[in-house]
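Subject: Structure handover

Hello,

Here is the structure I promised to pass on. Please open it alongside this message. My notes follow below.

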Amino acid sequence: MSARPNPHLKCLPATADADHAEPAPAPHPERALKVVGRQAVPIAVGPDPQQGDGRYFVAWLHIVAPKGTVPTATSTCACGRDRSAVGRRKVLDLIEDHAAHRDACPLRNPSAERTAA
């Protein structure tokens, strides 16, 4: 007794006369082709998007105050200062302290470091 073919299996039709893939469109005039391995990959030619203007973050003030819960805050600075507060009054004091640290931070004001020493 031979096994019956499973009617649930599907076969792809034969593609003897299948068309080949169409060539890629010509690259945009503002793009250049870069050869990577065996393929030419279009890349954008223009200014480096990662170039900054020389500014960077020095201090962060993170406040969390969901409705109906106790507020918390964290003040962090690249100079090494790291403070936190829990409770409304202490968070408000930390906000004032964070603002005052702007004038005293040695990274923002190099002259303040010389005066403190």
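First, a definition: two residues are in contact when heavy atoms lie within 4.5 Å. On that basis, among contacts in the chain between residues at least 6 apart in sequence, 16% join residues at least 24 apart.

Two points on the source. This is a predicted model, in which local features need pLDDT of at least 70 and side-chain atom pairs count only at pLDDT 80 or more, while totals for chains, interfaces and linings use all residues. Residues are numbered from 1 along each chain as its sequence is written, and side-chain values use heavy atoms, with hydrogens and water left out.

**Overall layout**

The chain has 2 helices and 5 strands. Both are DSSP runs numbered from the N terminus: helices are H or I with at least four residues, strands are E with at least two. From the N terminus, the order is β-β-β-β-β-α-α.

The chain has 117 residues, and 11% of them count as buried. Buried means under 20% relative accessible area, exposed means over 50%, and partly exposed is in between (1.4 Å probe, protein chains only). The accessible surface of the chain is about 10,900 Å². Carbon and sulfur atoms account for 56% of that surface. Areas come from the Shrake-Rupley method with a 1.4 Å probe; for residues, only the protein chains shown count as cover.

Three strands form an open sheet in the order 3-4-5, with antiparallel pairing. Its edge strands are strand 3 (59–64) and strand 5 (82–86), each pairing on one side only. From one strand to the next, the twist averages 10 degrees. For that angle, axes are lines fitted to C-alpha atoms (for helices, over the stretch in contact), and angles run from 0 to 180 degrees between N-to-C directions.

Strands of a sheet pair through backbone hydrogen bonds, either parallel or antiparallel. Here, two strands count as paired if DSSP finds at least two bridges between them. Strand 4 (residues 72–77) and strand 5 share 5 bridges in the antiparallel sense. Within this part of the sheet, Ser 75 stands opposite Arg 83 of strand 5.

**Salt bridges**

How many salt bridges does the structure hold? There are 3. The criterion is a side-chain nitrogen of Lys or Arg within 4 Å of a carboxyl oxygen of Asp or Glu.

- Arg 81 and Asp 97 meet at 2.1 Å, N to O. The pair links distant parts of the chain, 16 residues apart: Arg 81 is in the loop between strand 4 and strand 5, and Asp 97 is in helix 1. Arg 81 is buried at 9% relative accessibility. Asp 97 is partly exposed at 30%.
- Arg 83 and Asp 97 meet at 3.2 Å, N to O. Arg 83 lies in strand 5 and Asp 97 in helix 1, so this pair ties together parts 14 residues apart in sequence. Arg 83 is partly exposed, at 43% relative accessibility.
- Arg 89 and Asp 93 meet at 3.0 Å, N to O. They are 4 residues apart in helix 1, so about one helical turn separates them. Asp 93 is partly exposed, with a relative accessible area of 37%.

Shared partners join Arg 81, Arg 83 and Asp 97 into one network.

Leaving aside neighbours within four places in sequence, His 101 is in contact with Cys 77, Cys 79 and Arg 81.

**The nonpolar patch**

Which residues form a nonpolar patch on the surface? They are Leu 61, Ile 63, Leu 92 and Ile 95, with about 270 Å² of accessible area together. Strand 3 and helix 1 (88–104) each give two or more residues to the patch. Patches take residues with over 30% relative accessible area and no salt bridge; like charges are joined within 9 Å, nonpolar side chains (Val, Leu, Ile, Met, Phe, Trp, Tyr) within 5 Å.

Leu 61 is in strand 3 and is partly exposed at 32% relative accessibility. Ile 95 is in helix 1. Leaving aside neighbours within four places in sequence, Ile 95 is in contact with Leu 61 and Ile 63.

Best wishes
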